[in-house]
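Have the picture open while you read.

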Amino acid sequence: MSTRIGFIGLGTMGEPMARNLLRAGVELVVWNRTVERSERLTSEKERAAASVARDAADVFARCETIILMLADGAAIDTVLARGTPEFARRVAGRRLVSMGTFSPGYSEALAAEIRAAGGRYVEAPVSGSRKPAEAGQLIAMLAGDAEDLAAVRPLLAAMCRECFDCGPVPAALRMKLAVNVFLITMVTGLAEAAHFAGRHGLDMHNFMAILNAGPMASDVSRVKIAKLVQRDFARQAGITDVLKNSRLVIEAAREAEIASPLMDACFALYGETEGMGLGEEDMAAVVRAIEKRTTQASGQSLPFGTRQTLPPC
């Protein structure tokens with residue numbers, strides 16, 4: 001079988017990740033539902049070549065290790081032909097590296113089915129948005145058998161600044177959701193702080209400088225406060241994606257009977273932002289929902305969760 005690596009899913013994160021693999025000299029067989037994204041990888045002069053597969057099945061036929069950077073479980077099920085006789089033919093003898101974010105329970109069940117069909121499975125969700133993906137500075141959380149983790153680490157090194165072993169599947173995804181609690185609540189709090197400062201007529205560039213000089217500053221906060229001050233909502237981590245991740249966190253919290261008051265509030269706000277038609281904008285655009293609440297309530301907070309609801313803890 002070819003030593004080329006399969007890569008399926010060339011979206012906001014997947015395309016720059018695949019490009020970094022090519023720059024590191026890894027030969028790829030790529031496939032994406034949008035053909036233009038695949039063809040972009042073959043038109044640039046990288047250290048290695050990208051071959052565009054006819055379809056997902058062609059990737060599995062030509063590669064032993066396949067990286068999946070897909071949006072959700074439904075997309076993975078489709079690519080793997082899960083629930084059909086074709087599933088076993090695709091995964092048998094293959095090592096699948098799933099780098100997206102979805103339900104830990106889904107991943108655990110998928111891993112068991114892949115093993116039963118004679119395949120191998122690595123959970124490798126990443127923390128970071130498009131800019132870290134472009135720079136090869138993502139943080140990967142890994143779960144799976146030690147032999148498989150050792151095999152994929154050289155590939156991950158081309159895309160990630162650091163990799164952390166988290167234990168058996170689905171520990172990596174649970175770790176990713178824990179990280180997302182901090183990320184989502186931090187950026188939402190930053191958006192509310194910017195709204196507070198702006199409504200008080202403060203010098204927003206001075207506000208940004210103070211935050212950037214202070215002890216709370218981080219790579220994420222510096223990027224997001226600049227977007228808020230400049231009203232630049234070009235997508236890095238999209239509202240719809242953040243809403244999905246918020247739902248995953250809350251569902252995992254409910255299953256474990258864990259309170260999630262801040263995430264409940266964030267879930268409502270990102271749902272309202274998506275409802276304003278802003279799903280493809282950056283997560284910093286959540287400030288638009290905060291602004292709308294101010295306008296509608298004359299400075300008083302509206303009740304949370306009127307559009308997006310989950311069962312109480």
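## One residue and its neighbours

Leaving aside neighbours within four places in sequence, Gln236 is in contact with Thr12, Ser129, Arg130, Lys131, Val223, Lys224, Lys227 and Asp282, where contact means heavy atoms within 4.5 Å. Before going on, a word on the source: this is a predicted model, in which local features need pLDDT of at least 70 and side-chain atom pairs count only at pLDDT 80 or more, while totals for chains, interfaces and linings use all residues. Residues are numbered from 1 along each chain as its sequence is written, and side-chain values use heavy atoms, with hydrogens and water left out.

So where does Gln236 sit? You'll find Gln236 in the loop between α11 (219-230) and α12 (239-255). The labels follow DSSP runs numbered from the N terminus: helices are H or I with at least four residues, and strands are E with at least two. Gln236 has a relative accessible area of 10%, so it is buried; the cut-offs are under 20% for buried, over 50% for exposed and in between for partly exposed (1.4 Å probe, protein chains only).

Now hop over to Ser129, in the loop between β7 (126-127) and α7 (130-135). Ser129 is in contact with Met13, Leu138, Gln236 and Ala237, again leaving aside neighbours within four places in sequence. With a relative accessible area of 17%, Ser129 is buried too.

Gly9 is in the loop between β1 (5-8) and α1. Its relative accessibility is 4%, so Gly9 counts as buried. Beyond four places in sequence, Gly9 is in contact with Gly14, Trp31, Asn32, Met69 and Leu70. Gly9 and Ala178 are 169 residues apart in sequence and, C-alpha to C-alpha, 24 Å apart in space.

Ile225 is in helix α11, and at a relative accessible area of 0% it is buried. Not counting residues up to four places away in sequence, Ile225 touches Leu190, Ala194, Phe207, Met208, Leu211 and Asn212. Met204 is 21 residues from Ile225 along the chain, and their C-alpha atoms are separated by 9.5 Å.

## Helices that pack

Two packed helices are described by the angle between their axes and the distance between the axes. Axes are lines fitted to C-alpha atoms, for helices over the stretch in contact, and angles run from 0 to 180 degrees between N-to-C directions.

| Helix pair | Angle | Axis distance |
|---|---|---|
| α9 (residues 171-199) and α13 (residues 261-275) | about 60° | 10 Å |
| α1 (residues 14-23) and α2 (residues 35-43) | about 25° | 11 Å |

The angle for α1 makes this helix roughly parallel to α2, whereas α9 and α13 are oblique to each other. Here's the scale: under 35 degrees counts as roughly parallel, over 145 as roughly antiparallel, 65 to 115 as roughly perpendicular and the rest as oblique.

What about handedness? The crossing of α9 and α13 is left-handed, and that of α1 and α2 is right-handed. Left-handed means that the near helix is turned anticlockwise from the far one by less than a right angle, and right-handed means clockwise.

Which residues of α1 and α2 meet? Glu15, Ala18, Arg19 and Leu22 in α1 meet Arg37, Arg40 and Leu41 in α2. By class, this contact of α1 with α2 has three nonpolar, no polar and four charged residues. Ala, Val, Leu, Ile, Met, Phe, Trp, Tyr, Cys and Pro count as nonpolar, Asp, Glu, Lys and Arg as charged, and the others, Gly among them, as polar.

In the other pair, Val181, Ile184, Thr185, Val187 and Thr188 in α9 meet Leu262, Met263, Cys266, Leu269 and Tyr270 in α13. The contact of α9 with α13 has eight nonpolar, two polar and no charged residues.

Most residues other than glycine have a negative phi, and most peptide bonds are trans. Ala81 has a positive phi, near 55°, and is in the loop between α4 (73-80) and α5 (86-91). Arg231 has a positive phi of about 55° and is found in the loop between α11 and α12. Finally, a cis peptide bond joins Val169 and Pro170, with omega about 10°.
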